[in-house]
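Please have a look at the structure first, and then we can walk through it.

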Amino acid sequence: MEQMTLFDDRKQTAPLASRLRPATLEEFAGQGHLLGEGKMLRQLIERDQISSMIFWGPPGVGKTTLAGIIASRTNADFINFSAVTSGIKEIKEVMNQAENSRKMGIRTVLFIDEIHRFNKAQQDAFLPFVEKGSIVLIGATTENPSFEVNGALLSRCRVFVLKALEEADLVKVLDRALHSMNGFGPQNVRITERQVAAIAAFANGDARTALNTLEMAVTNGELSAEGILVTDEGLEQCISRKSLLYDKNGEEHYNLISALHKSMRNSDPDAAIYWMCRMLEGGENPLYIARRLIRFASEDIGMADSHGLEVAVAAYQACHFLGMPECDVHLVHAVTYLAMAPKSNALYTACEACKQDVRNLTAWPVPLRLRNAPTKLMKDLEYGKGYEYAHDTEEKLTHMECMPESLSNREYYHPTAQGEEKLIGERLERIKEWKKIHLKKSMT
């Protein structure tokens, strides 16, 4: 446990990211949805009306920095607490200190970094003190608080979601570092806008990564009488992403994912692997690629090979568990499987056609025969009348119409003859023929 040490002034020997930690809301980059003029969190900070809250977001987006800004503005004791190094004993000591301060009319704001690392018992220890107002709890986490924070504690906290910084925000952070007296202002660093943009793209929304990369690039720059020159070759060694240096407007991101998608659709595993690896080497988040594979599995393969969706989801989970660089082979596994699987877009076309009807046609009520009737009133209103229970028949089929009457002949799903979908199409035809025959019998 320590008080305020996280936010003390830094010496010039400290890392660049520490020296340039914003001290005011005006210096803070990004999070306009929370800290823009008139936004809730900004007003709470400016009015010193902080209540218990949790900052949830990826690394390097300003969670700890926001806590520091609150510390500098609040009229309360501010205690920094680490979930990594603290246990129940330390928690009880802090809580007793906060309770004594409350009795003297002094608020205590307790900042807990990486709150998701606390177990249930540790989190429970905070709950009574949050409830009676002994502490105002500010937690920071990179994990979904719905899963990592106790429900009782979470219900007493506002959750503010911090987003990965936009590249434009990161460029501003880097420009500030280059011109600030606490940064490289006195050293006359010569670096191009293109190189700064490359660092911002490589950082992937993380300000700390951007500043650390800039610091490494400047440290390894060429010294001259005019200052320090950052070269492309030196920067490439720092970020190991040569392609990013030549991506000026982000278009390449969309070009590469398009090339990957279309190569898989064209059953070309070699091209698909190449474009996927290009994306990884360019700094793309592997989870983004995995999400696109999941979409592809249903949009372009669908019922032709339903195992494709299982493989894609498994690849996403593997990427989540392992991260880079280990998860690259899992993505290659999924990309190859999806490229070689039989292709069908029947599910996609069915979905799009149905969405058009839902959006453009009358929202017809559910037929009475399909409605449940849990009450006598509903039964009296003929809810469920005419319902036919398929399991009561030998074929497990009935000729009951499940569509609204006006859409009784509408068909959305048209199976192809590809892979397993050929068998599914044949079964669907047999079902339709059976229903036609038995419907005629029921009418005679």
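Axes here are lines fitted to C-alpha atoms, for helices over the stretch in contact, and angles run from 0 to 180 degrees between N-to-C directions. Helices (H or I, at least four residues) and strands (E, at least two) are DSSP runs, numbered from the N terminus. This is a predicted model, in which local features need pLDDT of at least 70, side-chain atom pairs count only at pLDDT 80 or more, and totals for chains, interfaces and linings use all residues. Residues are numbered from 1 along each chain as its sequence is written, and side-chain values use heavy atoms, with hydrogens and water left out.

**The helix pair**

- Helix 16 (residues 307-322) and helix 17 (residues 328-340) have axes that come within 9 Å and cross at roughly 165°.
- The two, helix 16 and helix 17, are therefore roughly antiparallel to each other (angles over 145 degrees count as such).
- Contact (heavy atoms within 4.5 Å) involves, among others, Val 311, Ala 315 and Cys 319 of helix 16 and Leu 331, Ala 334 and Tyr 337 of helix 17.

- Five strands form an open sheet in the order 2-3-4-1-5, with parallel pairing (two strands pair if DSSP finds at least two bridges between them).
- Strand 2 (77-82) and strand 5 (158-161) are the edge strands, each pairing on one side only.
- Neighbouring strands of this sheet are turned by 15° against each other on average, direction ignored.
- Strand 1 (residues 53-56) is joined to strand 5 by four bridges, and the two run parallel.
- Opposite Ile 54 stands Val 159 in strand 5.

**Helix on strands**

- Helix 5 (residues 88-103) lies across strand 2 and strand 3 (108-113), and runs at about 170° to strand 2.

Definitions and conventions
Parallel < 35°, antiparallel > 145°, perpendicular 65-115°, else oblique.
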